[in-house]
Each structure stands twice: as C-alpha cells, then as structure tokens.
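Here are some notes to read beside the model.

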Amino acid sequence: MTRVVEVPAHFDDRSFDQFAAHFGAWPPEERVLIDARGTQWASPYGLVGLLTTGQALAEARRERPLLTVPASDDVKRYWTRIGFFAHAADLFEVHGKVPKAGHTGPSDSLLDVTPIRASEDIHEIVGKIQENAARILTSELGIEAKATMGFAMALSESCQNIVEHAGTSGWVAVQTYTFRRRLGRRVVVIAVSDAGVGFRRSLESTQARRFGDRWGDASALEAALIQNVSRFRDPGRGQGLAGIKRYLSRWQGKISIRSGTARLSIVPAWDEDVPLVDHLPFFPGAQVQVTIPAQHAES
Amino acid sequence: MVQTISLHRLLQEAVATPYRNLVTRATGAAVRGRIEASLAAGVGHTTLLDFSGVECLDMSCADEIVAKLLLAAANGDRVLVLAGVREEQREALEHVLAHHRLAVAACFRGLEAPDVLGWISGDARLVFADLRVGGPADLLTLADRLSWSVERAAVALDELTQHRIARRAAGVFHPVTLP
C-alpha cells in the first residue's frame, strides 16, 4: 500500500496544514508518495517542510518515500536553483525529470535551502547572508542598512532553536518575493524547519506541571514565544525568540511557529492571520517562519 | 592596569573559520572559556573586551560572553569594560544586560564619548557622563555640578558603583578607566 500525499498547488505556511492532514496518524505505516505534480508555487516554508517530511520518515525508519516532481518547468527550475532537489535526492526516491543545477541560472534567493546540523552551519549561514542581505534589505525592502545585522541576528537565533532544542538536524531557506495576496509588497522570508522533538516535548519536563490540564502543543508554544521560557535552567536562556520579536516589532514583521498540532503567531496589522490555531493535523518537529515586509508599497 | 582581550582573535581561535560573527551559544561559551583562561593568567584589575573586527553579535553570544562574565565579575573585584562596539551591536547587548539587570561602560566605534549599556537609570547615565567630562568628584561637588539634590546624586552614584562603572576612593568617585 502507498499513501499519496498531495502537495497543494500554492504551497506555503497556510496550505501546509492541508498537506499535513494527508499523513493521518504519524508516522504513517504505508509507504508515502509525495505528489508535487500539480504544484504551481512553493514558498521557502513549503520547501523546507517537504525536506523535513523526508527526514522525519527516515528517522521513523519508514520506507524511503517517493516524490514526483512538479509538472511545471518553471517550478522545477526554481526548486533546482534554490537547492531543493540536491537535498531531496538524499531523502526521497525522486520521480520525474529534474533540471541540472548549472542549467537553471543563478539563484536569486538570499539563502538557498541549507541543512543545519551544528553551530558551525549557523556561522556559515550568517556569513553568507551578510553578503547579500544589506543590498536587498535596503534597496528592495526600504529597511535601513544598519538593520541588516539585526536580520542576521534573527536568522541566527531562528536556526539555533534546531541546534539547541530539536535533537536532530533541520533546514533553512531565505527568499524575497512579492506577497500579493495579503500585503501587495515585497517581503523577505526566513523559513526554518526540523523533524525533532517539537516544543511540547522540549518543554514538558519543566513546564507541563505549571500549565496542568492546559498543557499541549499550543501552551508549549505560548510558553516559548510569549513568555520566553526555555527548557534550560540557565536564566540567560529564552532570549533568542524575545530578540526576534523585538526586531520584528520595529519592522512590522511576523513570526509564526508551528509545532505538533498548533501554530502560534505574532500577527502584525497588515496580516489577517489568527494568533493561535490549535488541533491542526500533526506534523513532526517545529516549523518557523519570519516575514519582514517592505517598508513602502511597490510602485 | 588594564588587560585588553580581542574578541575577534578569540573567535577565530574558537571556530577556526574566517568569519567575523559572534553567533550561537556554543561559540559564545567557547570564547568565554578562552577569556576566563586569559583572566586567570592576567594581572589586570580592569578588563577591556575589544569588539574591533567583530561584525554580527546575536543574543545568545552576547549572553554567553558579556552577561556571564559580568555576573561572574560581580563575585570578585574585576571591572569589565567594552570597547570597539558597533552601533548595530547595541541592541543585542542592551537586551541581554537588561534581562539580567546588569550594566557596563562601553566605547563605540567612531564615537568619542563612552556610553553605559544595560539596566541603569537616566540619572546614573548623566552622572557617568559628568564624571567623564568634569572629572572625579565627591558627592557634594557632583550634586552641585548637576544642580541636583544630594540625595538624588547619591542614588545615582550608588547605582554606578554597584555596577562598577564608577568606584569610590577616599570619598571621591572615579569613572571606570576607558581607553
């Protein structure tokens, strides 16, 4: 038996729940076929989420999943350019013709899909991003040059949640694009995903008793993102997410974290998202999206 | 005597890469370990942490290095001062220092006047600036220079001495030694 999991045509943080619902009880018993043939567009969140699926199935010792590539040549080229297929080949049995990396033109992403396994990877990522971030943040988003370092800080802290808490490796990608549906402006998006223990299990030993019957994925996210709580007793811990929130508040940015069956967001005025969604279809680990909008409308 | 420690040099030793970014808690802990080894071997009463050559500083590294060294220094008589700080690094430093209710004197790149970072009142900042410009002073002189009540000046001086941003010797308050 094979369980077919369809990738939504427009695959982003919102449609991710629709994707997760296809898996049923986790981990699925059957072999999984990820069907991306009808996918017309995927955000960095969608792409790192797809790789997390492959990783989580491998770590659950399930049969290597199948992945059918998008039918659209443009979409395939973009997925190749951003480095998705290079990593997907290690996690999936890929079906369909994939363009060769050198034949798709240079990547226009701020940071291609990159694995995060250790602290050294974060040094590499922050080093790389600084070369491009200043130019793009100032020219495309109208954010002052000195805020570039805050952006690198937000990226570093987002990635560190994997190294410090996930108990496994993860993925990050950073891209700019025009956010037509909700904002009508350029945005820069950091997407980070891992297949690890998730916020609830990470915080359970120190926080579950405090929340009592309320304890679950949603309250674990509340403890981490709203109350800046960490599983470590070190009083200096828990400042990473607080620092990201502070940076985002200055630039009307948004942070959204999905873990297990809940998603919690700090929602700026331009977005109509709800702050907390609970009882979502389960998905392993944690998925973080940081969105910073252009400070002016596109002309 | 002032002992100067280059964070950029220690960073390169700790992570063995050409990057100039103080990021991640693991890196911060590794750099702090090297600083503590230098402090144990050194003889200076004042330690200058020199940020020259460092670009990005994240919260985790700021906490591991600056906050933890200041917390440790609170148990001894060592004074910690920051130098070569970039304006872009201010946010991470202010954030972690405020979190621990710590404060430190810092010299920023390209700026002549030193500043105080962290959990400190506006009055204490003004007193620090006055001591730097007007020179060491006793309580009455300082209150007079600022046209404040003696009580107000005393509270601000107490705050500065608790954070070791100023020290009292024979009734006279001296600002921390800066480069």
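1. Helix 2 and helix 4 of chain A are roughly parallel to each other, a label given to angles under 35 degrees. Their axes, as lines fitted to C-alpha atoms over the stretch in contact, with angles running from 0 to 180 degrees between N-to-C directions, come within 9 Å and cross at roughly 15 degrees. Helices here are DSSP runs (H or I, at least four residues), and strands are E runs of at least two, numbered from the N terminus.

2. This is a predicted model, in which local features need pLDDT of at least 70 and side-chain atom pairs count only at pLDDT 80 or more, while totals for chains, interfaces and linings use all residues. Residues are numbered from 1 along each chain as its sequence is written, and chains are lettered from A and ligands numbered from 1 in the order in which they are written.

3. Turning to the chain contact, 25 residues of chain B touch 21 residues of chain A, contact meaning that C-beta atoms placed from the backbone lie within 7 Å. Helix 4 of chain B gives the most to chain B's side, with six residues.

4. In helix 4 of chain B, the buried residues (20 or more other C-beta atoms within 10 Å of their own, placed from the backbone) are B:E91, B:A92, B:L93, B:H95, B:V96, B:L97 and B:H99. Their cover includes helix 6 and helix 9 of chain A, together with helix 3, strand 4 and strand 5 of chain B.

5. Just after helix 4 of chain B, B:R101 adopts a positive phi of about 55 degrees.

Technical notes
Two residues are in contact if their C-beta atoms, placed from the backbone, lie within 7 Å. A residue is buried if 20 or more other C-beta atoms lie within 10 Å of its own, exposed if 12 or fewer, and partly exposed in between; C-beta atoms are placed from the backbone. Angles under 35 degrees count as roughly parallel, over 145 as roughly antiparallel, 65 to 115 as roughly perpendicular and the rest as oblique.
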